[in-house]
Amino acid sequence: MHRATAAFLLVGAAAAWSACAAKVRQDVFDETMQEIRGELGDLDSRVSDNSARIDTNEAALAALREDLEALSAQLGEVEAQITEIENGIRFAMPVHFDFDRAEIRPIDRPTLNRFAAVVEKYYPAAVLTVEGFADPAGSAAYNKRLSERRAENVAQYLTDHGGLDASGIRIAGYGEERLVIQGARGPGRAGLENRRVAFIIEFGGELPTETVATAGT
């Protein structure tokens, strides 16, 4: 649209200058036309740069999704869920918590390590949001705070042990919102699927050149 507008202005300017040819020196006319052509060239360059960035992000998205799917296949009996969102991915994997606890279980630490390695490999400039959840036992206010503590602990683990940059990690606690199994609550396995975290990976910044070169390998 911007290019069409600029082209219209170019034609209009040419017509105006032609009507006043008797009053305008040729060198002034040529200089004005050269400036307009330069602006059109700059616009073309910006459009090309934007297209290249879009293509690069799409390549990163495809590579990241492929590796997350491979990770999902390695996680055992509970399948991870991958959902594409605008400018990123939501990744829900089997990282759960004991009843009324926010500490990361030893069994889930290798999973978090592999997840951090995937994020670091394909998009270290991504913004990662850790979402915490709880089963519906207890009050809504208590569950919200508990889910925030779970997200905080996972974010801290990814920083301390996964090597991710803390400045690129956010947390959010949703308590008992978005239950995996409606009504499932209580100790043991009763509400385990609802005591969990999920991840939002949002692309941002510039993609390292080697990321695209190694995508899919």
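Arg178 sits in the loop between β4 and β5; helices (H or I, at least four residues) and strands (E, at least two) are DSSP runs, numbered from the N terminus. Before going further, please note that this is a predicted model, in which local features need pLDDT of at least 70, side-chain atom pairs count only at pLDDT 80 or more, and totals for chains, interfaces and linings use all residues. Residues are numbered from 1 along each chain as its sequence is written, and side-chain values use heavy atoms, with hydrogens and water left out.

Let us stay with Arg178 for a moment. Its phi is near 55°, a positive value in a residue other than glycine. With 39% relative accessibility, Arg178 counts as partly exposed; buried means under 20% relative accessible area, exposed over 50%, and partly exposed in between (1.4 Å probe, protein chains only). Asp100 also has a positive phi, of about 60°, although it is not a glycine. Asp100 belongs to the loop between β2 (88–92) and α3 and is partly exposed, with a relative accessible area of 36%.

Now to the rings. The structure holds 3 aromatic pairs, where rings of Phe, Tyr and Trp (its six-membered ring) pair if their centres lie within 6.5 Å, and planes under 30 degrees apart count as stacked, over 60 as edge-to-face and the rest as tilted. Phe133 and Tyr174 make a stacked pair, 5.7 Å centre to centre with 20° between the planes. This pair links distant parts of the chain, 41 residues apart: Phe133 is in the loop between β3 (127–132) and α4 (140–160), and Tyr174 in the loop between β4 (169–173) and β5 (197–202). Phe133 is buried, at 1% relative accessibility, while Tyr174 is partly exposed, at 27%.

Each ring of this pair also has an arginine over its face, as the table shows. A charge sits over a ring if NZ of Lys or CZ of Arg is within 6 Å of the ring centre and within 35 degrees of the ring normal.

| Charged residue | Ring | Distance from ring centre |
|---|---|---|
| Arg178 | Tyr174 | 4.5 Å |
| Arg196 | Phe133 | 4.0 Å |

Elsewhere, Phe91, Phe115 and Phe199 form one aromatic cluster. Phe115 is also one of the buried residues of α3, together with Thr111, Leu112, Ala116, Val118, Val119 and Tyr122. Seen down the axis of α3, these buried residues fall within an arc of 160° (taken from the directions from the helix axis to the C-beta atoms), so they line one face of the helix.
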